Amino acid sequence: MMNQKFQGSKYRYVYNDIMQKIINGDYAYGQYLPPERDLSLFYNVQRPTVRQALDLLEGEGLIERRQGAGNRVLYVGTRTFGEVKEMPRGGLVAYIVPKELSHNADPFHMEICTILEELCKKDSVSLIFTTVSPYEQLPLFLQNKSTTMGIIWVSIQDKVCPDIAKKLGIPSVSISSDYPHFPTIRYADFDAAFIATQHLITAGCKRFAFISGDPAFDVSKDRQSGFTQALQMAGIPIDDNLIMQGDWTFNSGEVQTRLLLESERTFDCILGCNDMMALGALRTLHQAGVSVPSEVRVIGIDNIQASQMSSPTLSTVSISKRDVACAAYMMLRELMQNREVPDEIWIPGRLITRDST
């Protein structure tokens, strides 16, 4: 197979080919990829090249590397839900976030939308990323059902617009929301913060700082609950003076960490409620001459791309954007066929240790 001329690096070719097979369902959710030696023979490359490709696939959340067991597929593809009829061509899918969240959570949600766009293009469907408000004129896709194939609602706060979609019969899926009329995709937020805190405990941390997100969203509340319960189970006292109020943004991570330093409170680790705030904490610590991780360990949640490029690179709990995007899109496709879908799908968190811890 690999006698053909490579376009780019060999490991990139292997990565792209395996990725396409995963997305197409040749390697379905829960199955294991062939052993490394078989992949090496199939692609006519050395095993280190295969491992580079597998590292990329793992970084994208497509597979899970299991020591002694192999590489398990995590991608939620169409075969998870069964055979799906062809989608109508030329329609529209909307990805809607609350106005309060849109300017603060762009990295995480834009990465989801990038994957959604890939899926939509295969069906000649258009994707828009937008906000709606009951106090503004309704967008056309909430006035004309014929052009709107489906809507993905993120963290529903006001029920007016989702109620309109429900009344019009527009297939809808919610993400991280308690709206009762749409099936929901949930991140395991409590577990993600619990896992991150346990990692810091295992690393020997004793004085824990936490930068919370916007308290209006359940995501923030659940992650803070996971943080506090992990400390309680370990018998580590919680210092309320070390729990800071951020708003999901990089800037708030900087500001809250600066306040921690100026208060001269003692802490040896920081858990950011998301990666953006944790990255802001890293910058402030660096500017203050605080060594990470020898003096203060830092970890975030989400595994956005920027967490892999910071200095030091940021440890995090990965919420697979690909799993979120694929699950949402496949649920919409099923709903369009008037098929039943689960009331909830949970997307688990996975610890990724990097230089910051």
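Me: How many strands does the open sheet have, and in which order?

Reply: Strands of a sheet pair through backbone hydrogen bonds, either parallel or antiparallel. In this predicted model, six strands form an open sheet in the order β4-β3-β5-β6-β7-β13, with parallel pairing. Strands here are DSSP runs of E with at least two residues, helices are runs of H or I with at least four, and both are numbered from the N terminus. Two strands pair if DSSP finds at least two bridges between them.

Me: Which strands stand at the edges?

Reply: Those are β4 (126-130) and β13 (344-347); each has a single partner strand, so one side of each is left without a neighbour in the sheet.

Me: How many bridges join β5 and β6?

Reply: Strand β5 (residues 148-154) pairs with strand β6 (residues 172-175) in the parallel sense over four bridges. Ile152, for instance, has Val173 of β6 as its bridge partner.

Me: And how do I read the packing of α1 and α3?

Reply: Two packed helices are described by the angle between their axes and the distance between the axes. Helix α1 (residues 10-24) and helix α3 (residues 47-59) have axes that come within 8 Å and cross at roughly 50°. Axes are lines fitted to C-alpha atoms, for helices over the stretch in contact, with angles from 0 to 180 degrees between N-to-C directions. Contact means heavy atoms within 4.5 Å.

Me: Which residues of α1 and α3 make the contact?

Reply: Among them are Tyr11, Val14 and Ile18 of α1, and Ala53 and Leu56 of α3.

Me: Anything to know about numbering and confidence?

Reply: Residues are numbered from 1 along each chain as its sequence is written. Local features need pLDDT of at least 70, side-chain atom pairs count only at pLDDT 80 or more, totals for chains, interfaces and linings use all residues, and side-chain values use heavy atoms, leaving out hydrogens and water.
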